[in-house]
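Please have the sequence and the coordinates to hand while reading this report. The passages below are meant to be checked residue by residue against the display.

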Amino acid sequence: MSSKILVTGATGNVGSKVVERLSASGASVRAAVQSASKAANLKSAGVEPVEFDFTKPETMRAALNGVEKVFLLTPFVPNMVELGLAAIDAAKKAGVKYIVRMSAMGAEIEPVIQMGKWHGELEAAVKTSGIPYTILRPNSFMQNFSTMLSGDIKAQSAFYLPLGDAKISMIDTRDIAAVAAELLTNPGREGQTFELTGPVALSNYEVAEILSKFAGRKISYISVAEDAARKGMKDSGMPDWAVDAVLELYGIERAGNLATVSLSVDMLIHRRPIAFAQFAAENLEAFK
């Protein structure tokens, strides 16, 4: 029988796809959810949902009981490090034998931005925990266009970002999940760190051209000033700490620091990463 694998963030953009991939491979999956109301779809997929709240040690202990491997994705909150450290400690006490930690590309860039600092601290904690590990550093998600930017694209045939003509080697979250599932079911990459990217780096002007082609109408990218981006995020209800962190991330993207194309996806799952054109074609409903 395969070892039991706990996936945190199991209903999120990446975690849900990790659960799907592991389940499809026949792995024994325990899907961490914050509440029973979020577990209905997971039950129907033949996955064991379990309550897991980073702020409630008793739920972490119960969820980790009998678990050998963990996909550790921590929430984007101001106390992310505190919550991540608690989860790593709980995993160690539970006798977990392997962690795949989802970090972020740019975690090591100097000067360190806030998100990079948080991810860097948790990477260090995993490395010093004594638990065998592999760290994944994915780039920005293609799915950002079908989620947070979808509303503007549908309503205005445009999207707005403070990125100028910077290029970014975005990745489809399905590729992150494919890599994570491969690592969790086939040992041999312990102690390694992998940057995960798409097959090419694209500017948002190029992204707009691709979206226009598949949507059948002109979709424009409007590069805005940082002040305008800050106002837009604050007007949408985003808290100040999150606005500051996201703008720092945009800054390193604008500087060209996230344009590198890695071959890690090719190497780990033996195929090319999903191209943005494929992503656009398969997510047309988000842009119509």
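## Basis of the description

This is a predicted model, in which local features need pLDDT of at least 70 and side-chain atom pairs count only at pLDDT 80 or more, while totals for chains, interfaces and linings use all residues. Residues are numbered from 1 along each chain as its sequence is written, and side-chain values use heavy atoms, with hydrogens and water left out.

Helix α5 covers residues 114-127 and helix α10 covers residues 240-254; helices (H or I, at least four residues) and strands (E, at least two) are DSSP runs, numbered from the N terminus. The axes of α5 and α10 come within 7 Å and cross at roughly 95°, where axes are lines fitted to C-alpha atoms, for helices over the stretch in contact, and angles run from 0 to 180 degrees between N-to-C directions. The two helices are therefore roughly perpendicular to each other, given that angles under 35 degrees count as roughly parallel, over 145 as roughly antiparallel, 65 to 115 as roughly perpendicular and the rest as oblique.

On the α5 side the contact is made by Q114, M115 and W118, and on the α10 side by W241, A245, V246, E248 and L249; contact means heavy atoms within 4.5 Å. Sorted by class, the contact of α5 with α10 has 6 nonpolar, 1 polar and 1 charged residues, where Ala, Val, Leu, Ile, Met, Phe, Trp, Tyr, Cys and Pro count as nonpolar, Asp, Glu, Lys and Arg as charged, and the others, Gly among them, as polar.

## The cavity

A cavity is here a set of points, on a 1 Å grid over the protein atoms alone, where a 1.4 Å probe fits but cannot get out, and its lining residues have an atom within 4 Å of a point. Grid points are joined across faces, edges and corners, and a volume is the space filled by probe spheres set on the points. The count by this rule is 1 cavity of 30 Å³ or more, and the largest cavity holds about 50 Å³ of space.

The lining of the largest cavity consists of L6, T8, F52, L64, V70, L72, A87, A91 and I99. Strand β4 (69-72) and helix α4 (80-94) are the elements that give two or more residues to this lining, and by class the lining divides into 8 nonpolar, 1 polar and no charged residues.

R137 lies in strand β6 (residues 133-138) and, at 12% relative accessibility, counts as buried; buried means under 20% relative accessible area, exposed over 50%, and partly exposed in between (1.4 Å probe, protein chains only). Leaving aside neighbours within four places in sequence, R137 is in contact with S103, A104, M105, A107, E108, E123, T193, F194, E195 and L196.

T173 belongs to helix α7 (residues 173-185) and counts as buried at 0% relative accessibility. Apart from neighbours within four places in sequence, T173 is in contact with N13, V14, K17, F141 and Q143.

## Two partly exposed residues

N257 sits in the loop between α10 and α11 and is partly exposed, at 34% relative accessibility. Its C-alpha atom is separated by 7.5 Å from that of G106, although the two residues are 151 residues apart along the chain. With neighbours within four places in sequence left aside, N257 is in contact with I109 and I252.

K167, in strand β8 (residues 167-168), is likewise partly exposed, at 38% relative accessibility. Leaving aside neighbours within four places in sequence, K167 is in contact with A201, L202, S203, E206, L258 and A259.

## Positive phi angles

S157 has a positive phi of about 55° although it is not a glycine; S157 is found in the loop between α6 (150-156) and β7 (158-161), and is buried with a relative accessible area of 19%. H270, also a residue other than glycine, has a positive phi near 60°. H270 is placed in the loop between α11 (264-269) and α12 (276-282) and counts as exposed at 68% relative accessibility.

A glycine with positive phi is G26, which follows α1 and has a phi near 90°.

Note on methods. On a 1 Å grid over the protein atoms alone, a cavity is a set of points where a 1.4 Å probe fits but cannot get out, and a pocket is an open set with protein on both sides within 12 Å along at least five of seven lines; lining residues have an atom within 4 Å of a point.
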